[in-house]
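Please keep the sequence and the model at hand while reading.

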Amino acid sequence: MLDFLLFWLAIEIIGLLALPLAWRLFAHLPDRGFAFAKALGLLAAGYLLWLGSSLGVLRNSPGGVVLALLGLLAAGLGWGRKAVLANENGDRPLFMHLRAQRGYVLSVELLFLLAMAGWALFRAYNPNIEYTEKPMEFAFLNGILASSQFPPHDPWLAGYGISYYYFGYVLLNLLTLLSGVAPAVSFNLGLSAIFALTLLGAFGVVFNLVQGAEVGAGQSRGRAARFGLLGALFTALMGNLEGVIEALYARGLLGEAAQRFFDIKNLTQSAITGRWTPDPNGWWWFRAARTLHDRSFDGLASQEVIDEFPSFSFILGDMHPHVLALPFVLLVIALALNLFRRPAAAVERGEAAGLRGAWASVRAGFGLGGWGFFFYGLALGALGFLNFWDFPIYLFLIVLVYALRRGLQGAALGPRLWAEIGVAFVGLAGLGFLFYLPFYASFSSQAQGFLPNLYNPTRLSQFLLMFGPFLAALIFLLILSYRRAAPPRAALARWLLATLLLPALFLLLVILVGGALPGLRQFIEQTLGAPLAELTSRILYLRLSTPGVWLLLGLLLAAIAALAARAWADLDPRPDRTLFFVLALFFTALLLTYGVEFIYLRDTFGTRMNTVFKFYYQAWVLMAIASAYALHEISARAGLRLRLTAQITLALLILGSLIYPALAIPAKAGNFRAAPTLDGARFVAQYRPDEAAVIAWLRQNTPPDTVILEAPGGSYSDFNTLSAHSGRATLLGWGGHELQWRGNYQEPGRREPLIETIYRNQDPAQIRQIVAEFGIDYLVVGPRELEKYRITSDRARAFARLWEIVFQQGDYTLYRWQG
């Protein structure tokens, strides 16, 4: 309980210090950014700590955290001093605003506390930092905690910095240092805090959308709060409809024809229980993140596709970058809404030509006396450092919202506006990289460009299982909007031709160019294993026999674009401008899901698995927010028949989507039967006490920059626990993950035989060279090393010629180099 209170208090302090800055930055939102103050403060303070530690100005220590928080307070007082200083009437605007909205303030604080406490309770029943990628994430956290300066050392590749988007772990490191909570407890409390901040961010965005909407002006805060809670539910708690399939299959009601129709990978490997609940002994709930099922070109082999969504991520409990980024994604969406609601400045109405005029207009449009543009760049750039894929996605959204705002203000789509759009895009992209330049200077990636997705169109049945409720909400919203103000049919037809034909022409062009260029032709034929002539007919068959997602998304994108184009042409003030912000969210989300039908990022996996994963995840967040507002719009504007049809349909779909968390949460928590604890490392002390003793000894008796040597293990194994739990770097950890992080295996591959040389104790002279090169301080000989390198008792005794025994317990012996 004390650890929870300390961690919660640390976040509350950060949020309080950020209030003046939030009040100033979110000046055009009804709540003035109160719901986003915690995420804003954490991002700003984390940035100051990271930048200061990267430049050698601050240390990554409790003292450095305090100085970063003072910097946050100074920034807030610098930009928001008018909010906290008394005016000529003796009033302080920020405090007056908080008093006037004290009910809302209490609701926000209560939501955050209950969400964090509730998820901490869930984590307490499945706290172990084991399986999947939790050990890797814990290694990052401990490696950063052990680094006084940045970039932090990679605990699984001694001598190198972390080559991954690690900003989320820096933020957790900040909270750990500020609260004084042990890292193994902080891991679970950090997940609980991210969950609560995600709920709070989604609530805040939808609340401000509804409260600030022109429709039904003067909406009560109670109504806005109810739809805000719905947005939070959609974003972080609701699952996809695969849970319905699991329940039907477990009950024995899913026939073979339905099984083939939905084609859920590994579904039939589960037992039919005869109940509505699946087998509690398996990880059935994991299949919801594998709803899409791709196959090899010949159709014989399955290909892994990841289609995670936030609820799955929180239930799984991996502290991966896409999860850590969620509160800050919602922060950027809130910034986009604030930008959209900002009135036109005088300079934006001017006619100054050229890039200088465009730059002046853009700076004015982002507010804060021109400084707002730089803060938007800082926030967008943070997404790149948190989870790189999010940066270009939300850069596109911000620029789209800026263009839509200018169009609805009456700007003509001419050279001046195109110049503004170009300046905004290039400027924000440049600032996003520039603010985080120390990170990019040491970052390498596995990305190798884009490839066309020739033969794996998504099946409509699986796509609807993934996004069914959100797509239904959009369709009902479009029906309502088209009944009110339908664009000309010719305009809709033009957009429809563009959205349907352009991707098809792209694939056709790839095939034609592949036939004309020998190098590309050879690459395609080697990749797919057949001559190009045969490939073309097979590709056409696969595409034409599975057109559902292509046609559905093309139609929806065209419908949104035609509606927005009509509004742009109508320069009269419209009563429902907020609707177009929501349509921009839907449009961006649909574009992400449409894109992976035709292209994917080439990486070490060789398929579209990771591209679908990253794009679908953000599509879920965007559509969840937009769908909550769509329900508000429908309930406020639709006629009785449409309203009832929409509400009944959506209620059934939402209830179906809630089956997943209702069944998965108790299944993952072991039906809440075990003794609860938030200590994610307690299982090591309980089941592997000798290993826990070595970890404790390393923590207590070695400096943070110590280098140890333990046997490297494969990805997702239980190897390298000592380095992960102590933060002391080892020569090599999970080699497969190092390949993913760095895009090549040169250094890990070089180290593998050197490690074997030491453990086989073959050549003392070479061992001295290896130890000197890498600065190895300690050698671990435990059960994994004994088995992997077949270390006999005679060879173990021979270690004493070069190494000194400093700790021994059970099967573990820890040696110190004495050369």
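## Helix H14

Helix H14 is mostly covered, with 15 of its 16 residues buried, where buried means under 20% relative accessible area, exposed means over 50%, and partly exposed lies in between (1.4 Å probe, protein chains only). Helices here are DSSP runs of H or I with at least four residues, strands are runs of E with at least two, and both are numbered from the N terminus. Helix H14 takes in residues 326–341, and at 1.5 Å a residue its 16 residues should span 22 Å, which agrees with the 23 Å between its end C-alpha atoms; the expected span is 1.5 Å times one less than the number of residues.

This is a predicted model, in which local features need pLDDT of at least 70 and side-chain atom pairs count only at pLDDT 80 or more, while totals for chains, interfaces and linings use all residues. Residues are numbered from 1 along each chain as its sequence is written, and side-chain values use heavy atoms, with hydrogens and water left out.

For helix H27 (640–668), the 29 residues should span 42 Å at 1.5 Å a residue, and the end C-alpha atoms are 42 Å apart, which agrees. Among the buried residues of H27 are Leu 642, Ala 646, Leu 650 and Ile 654, and also Tyr 660, Pro 661 and Lys 668. An α-helix has 3.6 residues a turn, so residues three or four places apart point the same way.

The cover over the buried residues of H27 includes helix H5 (102–124), helix H9 (221–237), helix H20 (460–485) and helix H26 (609–637), contact being counted where heavy atoms lie within 4.5 Å. Just after H27, Gly 670 takes a positive phi of about 60°.

## The second largest pocket

The second largest pocket holds about 670 Å³ of space, and of the 27 residues that line it, Tyr 125, Asn 126, Pro 127, Asn 128 and Lys 668 lie nearest its centre. Helices H27 and H28 (682–687) are the elements that give two or more residues to this lining, and H28 gives the most, with 4 residues. By class, the lining of the second largest pocket has 13 nonpolar, 8 polar and 6 charged residues; Ala, Val, Leu, Ile, Met, Phe, Trp, Tyr, Cys and Pro count as nonpolar, Asp, Glu, Lys and Arg as charged, and the others, Gly among them, as polar.

The search uses a 1 Å grid over the protein atoms alone: a cavity is a set of points where a 1.4 Å probe fits but cannot get out, a pocket is an open set with protein on both sides within 12 Å along at least five of seven lines, and lining residues have an atom within 4 Å of a point. Grid points are joined across faces, edges and corners, and a volume is the space filled by probe spheres set on the points.

## Cavities

The structure holds 8 cavities of 30 Å³ or more, and the largest cavity has a volume of about 80 Å³. Of the 14 residues that line the largest cavity, Leu 172, Leu 175, Gly 190, Ile 194 and Leu 324 lie nearest its centre, while H1, helix H7 (167–179) and helix H8 (183–211) each supply at least two residues of the lining. This lining divides into 12 nonpolar, 2 polar and no charged residues.

## Salt bridges

A search of the whole structure finds 25 salt bridges, each being a side-chain nitrogen of Lys or Arg within 4 Å of a carboxyl oxygen of Asp or Glu. One of them joins Glu 12 and Lys 38, with the closest N and O atoms 3.7 Å apart; this pair links distant parts of the chain, Glu 12 in helix H1 (residues 2–25) and Lys 38 in helix H2 (residues 37–55), 26 residues apart. Both Glu 12 and Lys 38 are buried.

Asp 318 and Lys 134 form another salt bridge, their closest N and O atoms being 3.0 Å apart, and this pair brings together the loop between H12 and helix H13 (321–324), where Asp 318 lies, and helix H6 (residues 134–145), which holds Lys 134, 184 residues apart. Asp 318 is buried, with a relative accessible area of 8%, and Lys 134 counts as buried at 2% relative accessibility. Elsewhere, Arg 688, Glu 691, Asp 718 and Arg 784 are linked in a network of salt bridges.
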